[in-house]
Amino acid sequence: MAGRLLRRVALACLGPALMLGLGCNNILGPSKVDANWRSYPGLHFMLYVRPGSFAETNQALLAAVLDDQFATTLARLEIAYGGRISVFLYDSAADASLDSDRSGMGYPDTEAIRATCAPPLDESLVRLLAHESNHVIQRNAMGLPGTSFMSEGLASAVMSARFYPIGNDRLWAWTASRGAALPAVSTLIAGGAWDGDDTTASASFLAYLLDRAGPAPIRQMYQLRSEDLPARMRTLYGRSLEDLERDWRAFCGK
Ligand SMILES: [Zn+2]
C-alpha cells in the first residue's frame, strides 16, 4: 500500500502509555515499506511480518490478541468500524527506523500501523500494538480528536485484559502509585509538552469516566478543543473538572 501514499501529515509525536517508546499519529503512511514481507490475513488485521522473524513465529497469537482488542475497543466505546488494519511488524528499531524496540506509529487515514516487534511477547509489546491500533479505530469511528488528552489517552484507556494484564486495574494501580507526581487533568487537557506519563494519566482518567458513565459523554467530548472541554464536562457529568479529578484520584486510591 505504500506506493499510493503521497504525503505524511505529522501531528505531534506523542508518548503512549506505561513505559513505551514513541507512539505517533501521522495521518498518512507508512511512507516507506519494502517488499520483504509475508502477509497473514486475519479477521480485523492484515499482519505483515519479516520472513522467519519473531513476529512470524507468533503471528497467530498476535492476531488473536489484536482481534480481541479490536472487539473490546468497539464494545467499550459503542462505536462501529468495519475496516481491516494493516500491521507492519518490524524486527527492531533499526529495521523500522523507529526510536526503540518498543515503538510504533498509527496511520488512521490509511488504516495502517507499523511497530517494532522484538521479543519478548509481553505486556509492553501488546500494549504498544493495542495503542496504535486504537488510534486507527478511534479516529475512523469518532473523527479527529481535539486534544492529545483524547487522542493519546483514549488509545490507552480501553485495553483488553483478556490475554495480558494491561486493563483498568493496571491503570488504577499506576495512578495511585504516582501520588503527587500525577499531572493535573487541566494540564493534560491543555496539552503542550507530552510524555508517556501524560498518556497514561489521561488514559486512567478517561477509563474512570467510561467506567462511571459509559461511552456517550466521551464520544461527545472527543473532538472538542482544550478550551471547550471543562464546560462540556460539567454539563455531561454534572460535576466540575476539579470534582471529577478528585473523584478519580480517590477511586484509584481505594
Ligand atoms: Zn499514540
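Both faces of strand β7 are covered, with A112, R114 and T116 buried on one side and I113 and A115 buried on the other. Here a residue is buried if 20 or more other C-beta atoms lie within 10 Å of its own, exposed if 12 or fewer, and partly exposed in between, with C-beta atoms placed from the backbone. In a regular strand the side chains alternate between the two faces of the sheet. Because five of the five residues of β7 (residues 112-116) are buried, this strand is largely enclosed by the rest of the structure.

The structure is a predicted model, in which local features need pLDDT of at least 70 and side-chain atom pairs count only at pLDDT 80 or more, while totals for chains, interfaces and linings use all residues. Residues are numbered from 1 along each chain as its sequence is written. Helices (H or I, at least four residues) and strands (E, at least two) are DSSP runs, numbered from the N terminus. On that basis the protein has 11 helices and seven strands, and 43% of its 254 residues count as buried.

Strand β5 (residues 85-90) runs parallel to β7 and is joined to it by five bridges, with L89 opposite A115. Strand β6 (residues 104-107) pairs with β7 in the antiparallel sense over four bridges, and here G104 stands opposite A115. The β6 and β7 strands form a hairpin with four residues between them, and E111 in the turn has a positive phi of about 50°.

Two residues are in contact if their C-beta atoms, placed from the backbone, lie within 7 Å. Neighbours within four places in sequence aside, L89 is in contact with L47, Y48, V49, A55, A115 and C117.

Helix α2 (residues 59-77) has 19 residues and reaches 27 Å from its first C-alpha to its last, close to the 27 Å expected at 1.5 Å a residue, the expected span being 1.5 Å times one less than the number of residues. Its buried residues are Q59, L62, V65, L66, Q69, F70, T73, R76 and L77. They cover an arc of only 145° around the axis, which puts them on the same side of α2; the arc is that of the directions from the helix axis to the C-beta atoms. The face turned away from this buried side carries the exposed residues A60, L61 and A75. The elements packed against the buried residues of α2 include β3 (38-41), α4 (123-142) and α8 (196-213).

Some loop residues deserve a look at the backbone. E78, in the loop between α2 and β5, has a positive phi of about 50° although it is not a glycine. With 12 C-beta neighbours inside 10 Å, E78 counts as exposed. A cis peptide bond joins P119 and P120, with omega about 0°, and P120 is found in the loop between β7 and α4.

Technical notes. Pairing = 2+ DSSP bridges.
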